[in-house]
Amino acid sequence: MNKIFFTILFFIFYSLSVSAQQFSQYNTGTLYDSFENPSQRAFIPDSSREIAFNFLIPNFNANFYITGDIQRPLKSRAFASPSYYNTSSLRIGQNALNHFNVNANAYAVMVKLFTSLNGNVEMGFSAQTKVEGKGLVTDESIAFLDGPSNFARDNYDNIFNNHYRMQMYDQLSYIYREQVSKQLSLGFKLSYLSGVQYNKIDVEESSLQINRDPTNPDNDNADVYMRGRYYRSYVPGRLDGRDFLPTFRNPGAAISMGATYRTEDGILIQGNIKDLGFIHWNKRSTITDFNNTTNITDITSQHRDENIYNAVYELVRGNGMVTSFNTKTNAKAELSVSKSYWLDDEKTYRYFPTVVAQKEMFFSGFTGAMVNSVQKNNLIATLTATYDDYKLFNLGAQIMVKSPNVEFFIGSERLLNTGRLTLAALNNTNQINRVGNYSGADIFLGFSLKFGRVIEHPMNSSYIPMGEKGFLGRLFGRIFKTNN
């Protein structure tokens, strides 16, 4: 287990995020968009070439955020010079909770082929790594990392009742998409999951007893009590790059399904179920029901973070039960509506807004998004506004260069807060001390090329045949008695 998990948020905060899909990609027709939304096409007949590939250049989205009072002490610890915990914003003894959320989605390989004009059949393969993390942490958990001076009393109850979950896994996928009628397209993505690491902790009861030495504060120590449950997957040795190679050690599976319907007046309605799946963590994993007290010494020195980490880690590890267990992926359900408009008579500028609603299927998360994209020739500019159930409002922006055979995009869906965190990282005191609705960052980037023969209709080419309808199209025709 990475020590930084415990050191920074007392077993609660930290995770690398590369996510959940960014909303800015909706209806852009990029290779990334087609893998995230299975019914979305990546090829345009008579324009695109027949093979799309990212040439092993990662397409990724990285984001995280933290809310509440702990923003200031964490930023001052991470970015101030010299580094310290500015605890002036913390409320001790009030059990104030702070949320954090992290997600990650990095495609190392994406390759897709156009296989048939009859049904516009597309299929492909991908390899990606995902990270899912979220939790709650109390003000007192951070204050304790700064030593006992933040605590006016010697005894406190239930001030370390934190909750945290982090899951990392590789995902190898096969994707299929078909235009089953003039108005309806369907797609699915079947995935093998290979678990990399899983950690989950729920502290249900806790207490702190500070033992102060009135003559020598260097002798101060503390008794910490915790009761709860800790899940930990098995990792052979220290986590390193080799652990991110797919194996059969922690197998799992997932499915994504999507449908896009175009109404007679040109409105696109798209629905998706994404990454509905599970991972079976092997029998060398551990579940620990901890209910114990540990004494932590040397809590006033410059090494107090490490001392607290070592003591608490030993407390919650305990003598756990070595066993396998199963976990769910953070599946999401999405619904979007979009329509395209020309802004001028010459049809130079195209505006295509999209409204998206996203709900986490196994957790409480809900997000609504308004995506506004304007296209001129090969240049697309996007402005995105999102609002979630934590009452967090975000503005994002994306710049994309896209032709039928080349695409590159870069952007952020938390543009203002990403800028503020960047300034804090550059040692801007105002941004380090700022406590807003949240502190966080988001960045995404992607690239792909198409190569091979141009996809042409028989009227334009004597080489490429029409091909047969895909199996979804044939099934649709049998059910609804149509040849469309």
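**From a surface patch to the cores and salt bridges**

Leu379, Ile399, Val401, Phe408, Ile410 and Ile443 make up a nonpolar patch on the surface, with about 500 Å² of accessible area together. Patches are built from residues with over 30% relative accessible area and no salt bridge; nonpolar side chains (Val, Leu, Ile, Met, Phe, Trp, Tyr) are joined within 5 Å, and like charges within 9 Å. The areas come from the Shrake-Rupley method with a 1.4 Å probe, and for residues only the protein chains shown count as cover. This is a predicted model, in which local features need pLDDT of at least 70 and side-chain atom pairs count only at pLDDT 80 or more, while totals for chains, interfaces and linings use all residues. Residues are numbered from 1 along each chain as its sequence is written, and side-chain values use heavy atoms, with hydrogens and water left out.

Stay with the patch for a moment. Strand E19 (393-402) and strand E20 (406-412) each give it at least two residues. Helices (H or I, at least four residues) and strands (E, at least two) are DSSP runs, numbered from the N terminus. Leucine 379 sits in strand E18 (residues 379-388). Its relative accessible area is 46%, so leucine 379 is partly exposed. The cut-offs are these: buried is under 20% relative accessible area, exposed is over 50%, and partly exposed is in between (1.4 Å probe, protein chains only). Threonine 386 also lies in strand E18. Threonine 386 is buried, at 9% relative accessibility. Not counting residues up to four places away in sequence, threonine 386 touches Phe23, Thr367, Gly368, Ala369, Leu392, Phe393 and Asn394. Contact here means heavy atoms within 4.5 Å.

Now go inside. A nonpolar core is a set of buried Ala, Val, Leu, Ile, Met, Phe, Trp, Tyr and Cys residues joined through side-chain atoms within 4.5 Å. The largest one has 39 residues, and Phe144, Phe151, Leu208, Met226, Phe290, Ile296 and Val316 touch the most other members. Several elements give two or more residues to this core, including strand E3 (97-116), helix H4 (139-145), strand E8 (221-232) and helix H5 (304-317). H5 provides the largest share, 7 residues. Look at isoleucine 296. Leaving aside neighbours within four places in sequence, isoleucine 296 is in contact with Phe144, Asn221, Ala222, Val224, Asn307, Ile308, Ala311 and Val312. Another core lies apart from this one; it has 17 residues, among them Phe35, Ala52, Met110 and Ile380.

Next, the strands. Two strands pair if DSSP finds at least two bridges between them. E4 and E6 are antiparallel, with 15 bridges. Glutamine 128 stands opposite glutamine 171 in E6. E6 also pairs with E7 in the antiparallel sense, over 17 bridges. A hairpin of 4 residues joins E6 to E7. Why is E6 described as largely enclosed by the rest of the structure? The reason is that 13 of its 17 residues are buried. Follow E7 onward. Strand E7 (residues 184-211) pairs with strand E9 (residues 251-262) over 11 antiparallel bridges. Leucine 184 faces tyrosine 261 in E9. E9 then runs antiparallel to strand E10 (residues 268-281), joined by 10 bridges. Their hairpin has 5 residues between the strands, and glycine 266 there takes a positive phi near 85°.

Lysine 347 has a phi near 55°. Asparagine 427 has a phi of about 75°. Lysine 347 is exposed, at 53% relative accessibility. Asparagine 427 is partly exposed, at 38%.

Finally, the charges. Side chains of opposite charge can pair when their charged atoms come close. A salt bridge is a side-chain nitrogen of Lys or Arg within 4 Å of a carboxyl oxygen of Asp or Glu. By this rule there are 17 salt bridges. One of them joins aspartate 69 and arginine 91, at 2.9 Å from N to O. Both residues lie in loops, and the pair ties together parts that are 22 residues apart in sequence. Lysine 112 meets glutamate 122, with the closest N and O atoms 3.2 Å apart. Lysine 112 is in strand E3 and glutamate 122 in strand E4. Lysine 112 is buried, with a relative accessible area of 0%. Glutamate 122 is buried too, at 1%.
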